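These are my notes from going through one protein model.

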Amino acid sequence: MAHPSRLTPMAAGVALLLQAGALAGQDTSRSASHSELGDAAPVAPAEYLGHPVGADFKLADWEKITAYFDHLGSASTAVRVDTVGRSTQGRPFILVTVTTPDNMARLEEIRLNQAKLADPRELEEDELEALLEKQPAVVLISNNIHSTEIASSQGVMELAYTLASDPDLAATLEDVVVLLIPSANPDGQQMVSDWYERTLGTPYEGGGMPWLYHPYAGHDNNRDWYMLTQVETRLLTDLLYRQWFPEVVYDVHQMGRDGARFFVPPFDDPANPNIDPLLVRMISLVGLQISTDLEAADKSGVVNAWRFDLWWHGGLRTVPARHNMIGILSESASARLASPLFLEPDQVRQPQHGINFPNPWPGGWWHIRDIIDYQLIAARSVIGFAARQRTRLIRYYVELGRQAVSAGRDEPPFAYVVPANQRDVGSAAAMLEVVRGGGVEIHRARSPFLSEGIEYPAGSWVVLMAQPYRAHAKDLLERQSYPDLRAYPGGPPDTPYDAAGWTLPLQMGVEVVEALTPFAADLQLLTDEIEPPAGSVTGPGSTFVVTNVTNAGNLAIHRLLASGGRVALLSEAAESGGQRWPVGSAVLHGPDVRQILESLASDEGLSAQSFSGTVTGYQVGQPRVGLYQPWTASMDEGWTRWVLEGWDLPYRTLHDTEIRAGDLRARYDVIILPDVSASSIVEGRKPGTVPAEYAGGLGDAGTAAIRAFVKAGGTLICIDSSSGFAIEQLGLPVNDVRPAFNEQRSGSAFYAPGSILAVEIDTNHPAGYGMPEETVVFYSNGPLFEVEGDRRDVAVVARYPETGQLLSGYALHTEFLNGKAALVEARYGDGRVILFGFRPQYRGQPHETFKILFNAIYLGTANGPQRLEF
């Protein structure tokens with residue numbers, strides 16, 4: 001993998017499977033076939049496991065599940081099992097294909113035909129008619145991405161067995177190829193199974209684990225479907241948009257325990273305008289078929305058009321919709337993992353009876369088997385619909401692709417141009433690789449060209465809109481404007497389900513230009529991983545200087561420090577080699593510096609020049625970083641680990657026990673508190689809800705230890721909500737003036753959930769080194785800071801401008817932001833506290849603000865400013 005630092009920072013050596021190719025090109029070491037066992041009949045999962053699927057207090061773990069599918073694939077001519085890759089922790093990520101033996105015999109032909117249907121530019125009308133005679137529809141059903149939503153990982157065994165062995169379904173499978181992902185998160189499935197077994201029969205039975213159920217992303221693993229940061233996401237993305245191209249993608253989930261029993265589309269408003277109206281209707285149609293089949297089976301509590309909108313991009317149900325696929329989500333009410341629960345009627349908080357919820361659930365016992373029953377009915381409904389409507393599904397699928405191509409040719413924008421001259425060309429290439437990873441075509445200009453009066457150099461990238469996945473590309477590259485929906489005129493806002501804005505060029509600091517008129521250019525389609533143009537390392541010696549405006553510059557700093565080298569950050573501009581090096585530039589010295597820089601010049605486009613002389617700046621040492629990991633399973637902590645590992649910045653995990661023991665300054669220069677509320681940091685998990693070793697938080701002793709650490713010269717970095725802990729417990733002269741939650745939700749005060757905002761950076765402050773004076777942050781209802789009086793011990797590093805704050809997404813009453821601080825450094829004793837009012841590493845997406853986090857970490861060892869000789 002050429003650029004692990006840009007996209008896949010910690011994947012334990014797992015290679016990207018983003019190259020187009022047949023199943024034969026995948027890891028099929030687990031592939032099982034009927035011939036291995038001759039004519040032996042497949043065994044039902046209940047017999048194989050020794051208990052019924054969905055039995056109370058019983059969970060099959062990943063080892064048992066994969067073993068069962070190995071058996072089924074070996075015993076049935078209707079089942080094929082492939083290991084398409086390995087999970088983050090090295091477990092098999094399997095694909096189970098179920099169809100008739102005749103279809104199985106021509107599976108590769110079917111798969112190649114699906115590729116033609118997905119990209120109809122070369123598909124002739126008579127060829128389509130011929131395919132309609134014989135091509136089955138393809139349905140992919142993904143299970144258990146959220147591992148505590150455990151039921152689908154159990155029921156999928158019964159689904160596969162039933163499909164393969166029930167003669168009444170043979171005719172259905174003639175018209176459908178069913179692709180099953182038994183778990184989109186095998187590591188989490190095993191973790192949850194182990195935790196349930198460990199706590200069964202204890203007071204903690206059925207409760208949550210003290211750690212994330214994905215090693216890095218936790219619940220956010222279903223927020224990764226366009227950014228593709230995690231191994232599992234990339235494996236399934238490859239299957240969807242480079243291997244199989246299904247017409248229908250069904251994502252199986254669970255939700256809370258005390259509401260409706262089952263959600264399925266139609267989705268709630270708003271619908272993203274990039275999703276074709278025909279596709280919106282088809283999604284609703286399939287969802288209503290599921291609802292009808294559940295009602296016919298006397299399953300109550302089914303709700304439609306509730307809570308889950310069709311605006312947000314990033315989920316396994318929503319990204320396929322940008323690829324002309326019917327994306328279906330179901331959400332079942334949860335039990336306590338495999339332990340049943342009982343709800344009295346007055347404990348059930350269901351939607352109001354009505355058209356979208358005509359049959360409320362009466363309450364009573366709720367078992368994991370109930371969840372499986374609903375899910376199996378839904379799965380068979382989707383498969384049956386695809387079989388009955390096979391020709392219509394295929395024809396509509398082709399038509400949606402054709403409409404996307406036509407729209408790209410006939411209406412603006414006609415393309416997005418990414419100029420070759422970028423402030424951070426490595427981030428530009430990383431952004432384009434993210435887009436290409438979703439199946440979008442990227443071109444590169446062989447020669448200069450003109451677009452709307454601007455000349456772009458050779459090497460510039462172009463994303464043409466006349467392609468089948470236009471909606472995906474456009475939705476990632478344009479700015480979002482979430483509609484101001486109200487419960488009633490003048491009433492409270494109908495707020496987004498998840499992020500309202502996600503524009504990648506803004507998040508990653510990449511210049512991208514919309515082409516609103518057609519233009520001519522000599523373009524080459526890129527089929528391999530997108531590489532930035534190589535940088536240069538010029539001059540002799542073992543001391544070099546880089547401008548440090550790129551994330552590759554941070555990689556150079558981290559790798560050099562790890563090798564024992566010397567780093568200085570300029571606090572005053574310097575002259576060398578006939579060039580002026582601005583404040584924030586990095587001087588790098590050491591025996592390994594040339595090798596490090598030449599590697600980054602080749603891989604990341606970093607440029608460096610030899611240097612000698614005296615500078616004024618900060619000497620930076622190897623920081624000893626402690627990252628707080630609470631037992632409340634913080635996703636923000638996981639994303640922080642992901643970024644630190646990906647950019648080669650060492651850290652140690654800190655738990656409550658070590659912090660409470662004190663003497664932290666002897667071991668750490670920097671402690672990072674991720675986005676965790678102040679109360680959660682202090683109190684942690686409630687005693688009696690988890691084993692004693694995971695109960696409680698920092699408490700008084702840990703809080704005192706943090707105070708002592710900072711007073712003794714340590715640097716405390718607080719991300720988003722954890723800033724409240726430092727403000728309160730250290731008595732900092734900074735206030736969070738964010739409006740109260742009830743005021744925000746009423747629509748009467750500032751509110752911005754999941755949007756991209758403009759900020760102004762003090763680039764002369766060490767935390768702002770290398771940043772542009774005007775940039776962006778991803779903001780999700782975080783703190784807004786005001787400093788008490790005119791304080792010399794507090795510095796505002798970033799603040800919101802007086803106008804033009806909202807760049808992408810949704811915000812109310814943005815005038816409240818005028819001049820509010822987004823990033824503050826407050827001195828405390830001999831140390832400092834860095835308060836972030838946003839998440840600079842949010843879901844691994846905002847590469848533009850990674851540097852600010854790294855700069856804050858460098859402050860932990862920064863000595864200066866002083867005169868330094870090189």
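Predicted model: local features only at pLDDT ≥ 70, side-chain atom pairs only at ≥ 80, totals over all residues.

**Entry 1**

I began with an open sheet of seven strands, whose order is 20-26-21-25-22-27-40 and whose pairing is mixed. Strand 20 (537-538) and strand 40 (863-869) each have a single partner strand and stand at the edges, so one side of each is left without a neighbour in the sheet.

Next I looked at how strand 20 is held to its partner. Strand 20 pairs with strand 26 (residues 608-610) in the parallel sense, over two bridges. Opposite Val537 I found Ala608 of strand 26.

**Entry 1: Gln609**

Is Gln609 buried or exposed? Its relative accessible area is 16%. The cut-off for buried is under 20%, so Gln609 counts as buried.

I then asked which backbone oxygen the side chain of Gln609 reaches. The oxygen belongs to Ser576, and the distance is 3.3 Å. I also listed the contacts of Gln609, leaving aside neighbours within four places in sequence. They are Thr538, Thr543, Phe544, Val545, Ser576, Gly577, Gln579 and Trp581.

**Entry 2: Ala573**

Ala573 sits in the loop between strand 22 (566-570) and strand 23 (574-576). Its relative accessibility is 32%, so I noted Ala573 as partly exposed.

I checked Ala573 against Gly617. The two are 44 residues apart in sequence, and their C-alpha atoms are 9.2 Å apart in space. Not counting residues up to four places away in sequence, Ala573 touches Arg580, Trp581, Pro582 and Val583.

**Entry 3: helix 17 and helix 18**

I turned to two helices, helix 17 (residues 551-562) and helix 18 (residues 593-604). Their axes come within 10 Å and cross at roughly 150°. Angles over 145 degrees count as roughly antiparallel, which means that helix 17 is roughly antiparallel to helix 18. The crossing of helix 17 and helix 18 is right-handed.

Which residues make the contact between helix 17 and helix 18? From helix 17 I wrote down Ala552, Leu555, Ala556, Arg559 and Leu560. From helix 18 I wrote down Val593, Ile596, Leu597, Ser599, Leu600 and Glu604.

The next sheet I looked up is open and has five strands, in the order 18-13-17-14-19, with antiparallel pairing. At its edges are strand 18 (513-515) and strand 19 (523-525), each of which pairs on one side only. From one strand to the next, the twist averages 30°.

Strand 14 (residues 443-445) pairs with strand 19 in the antiparallel sense, over three bridges. The bridge partner of Ala445 in strand 19 is Leu523.

I also looked for a helix against this sheet. Helix 14 (residues 425-437) packs on the sheet and touches strand 13 (415-418) and strand 17 (461-464). The direction of helix 14 makes about 25° with that of strand 17.

**Entry 4: backbone exceptions**

Last, I searched the backbone for exceptions to a general rule. Most peptide bonds are trans, and most residues other than glycine have a negative phi.

I noted two cis peptide bonds. One joins Asp269 and Pro270, with omega about 0°. Pro270 has its place in strand 7 (residues 268-271). Another joins Gly864 and Pro865, again with omega about 0°. Pro865 lies in strand 40, and strand 40 is an edge strand of the sheet in my first entry.

I noted positive phi values too. Asn144 is not a glycine, yet its phi is positive, at about 60°. It lies in the loop between strand 3 (137-143) and helix 7 (151-165). Is Asn144 buried or exposed? Its relative accessibility is 0%, so Asn144 counts as buried.

His813 is not a glycine either, and its phi is about 55°, also positive. I found His813 in the loop between strand 37 (806-808) and strand 38 (821-828). With a relative accessibility of 34%, His813 counts as partly exposed.

How values were computed:
Residues numbered from 1 in each chain as written. Heavy atoms only, no water. Pairing = 2+ DSSP bridges. Helix = DSSP H or I, 4+ residues; strand = E, 2+ residues; numbered from the N terminus. Buried < 20%, exposed > 50% of the residue type's maximum accessible area, 1.4 Å probe, protein only. Polar contact = N/O pair within 3.5 Å; in protein donor to acceptor, adjacent residues only side chain to side chain. Contact = heavy atoms within 4.5 Å. Axes fitted to C-alpha atoms, helices over the stretch in contact; angles between N-to-C directions. Parallel < 35°, antiparallel > 145°, perpendicular 65-115°, else oblique. Left-handed = near helix turned anticlockwise from the far one by under 90°.
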